[in-house]
Amino acid sequence: MAEDLLTTVMAFIYTIGHWISEKIVGLVQSISGVLIPQTIVDAIGMLVILTIFLAIAEVAKKAIWIVVAVGWVLIIIRILILMIG
């Protein structure tokens, strides 16, 4: 069952990547007039998917640092309140 789920998720990611790359290739071909071979369409799609994942990871990384910083500030404030009295 886990293999079926993994296969389904990977097929979904591949399908989205392929669809996005077809749109990008079509746009580039219509703008530049250069014929892009179909052999690199999937490579473009996978690079787009990886780029999206990296962008999401960067945003999540920044959000996590903000949460950690706020947590430390709140802990320091709590300690100061306990010290003051």
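Modeller: Before we start, helices here are DSSP runs of H or I with at least four residues, strands are runs of E with at least two, and both are numbered from the N terminus. By that rule W72 lies in helix α2. This is a predicted model, where local features need pLDDT of at least 70, side-chain atom pairs count only at pLDDT 80 or more, and totals for chains, interfaces and linings use all residues. Residues are numbered from 1 along each chain as its sequence is written, and side-chain values use heavy atoms, leaving out hydrogens and water.

Colleague: Thanks! Why is W72 called exposed?

Modeller: Exposed means over 50% relative accessible area, buried means under 20%, and partly exposed is in between (1.4 Å probe, protein chains only). W72 has 55%, so W72 is exposed.

Colleague: And why does E58 count as partly exposed?

Modeller: E58, also in helix α2, has 41% relative accessibility, which falls between the two cut-offs, so "partly exposed" is the label.

Colleague: What makes V25 buried?

Modeller: V25 sits in helix α1 (residues 2-32). Its relative accessible area is 4%, which is under 20%, so V25 is buried.

Colleague: Which residues does V25 touch?

Modeller: Leaving aside residues up to four places away in sequence, V25 touches I36, V41 and I44; contact means heavy atoms within 4.5 Å. V25 and I36 are eleven residues apart along the chain, with their C-alpha atoms separated by 6.9 Å. V41 is itself among the buried residues of α2, as are G45, V48 and I49.

Colleague: How does the radius of gyration of the protein stand against a compact globule?

Modeller: The radius is taken over C-alpha atoms, and the globule rule is 2.2 Å times the number of residues to the power 0.38. For 85 residues a compact globule would be near 12 Å, but the protein has 23 Å. The C-alpha atoms fill a box of roughly 75 × 40 × 15 Å along the principal axes.

Colleague: How many helices and strands does the protein have, and what share of its residues counts as buried?

Modeller: The protein has two helices and zero strands. Of its 85 residues, 9% count as buried.
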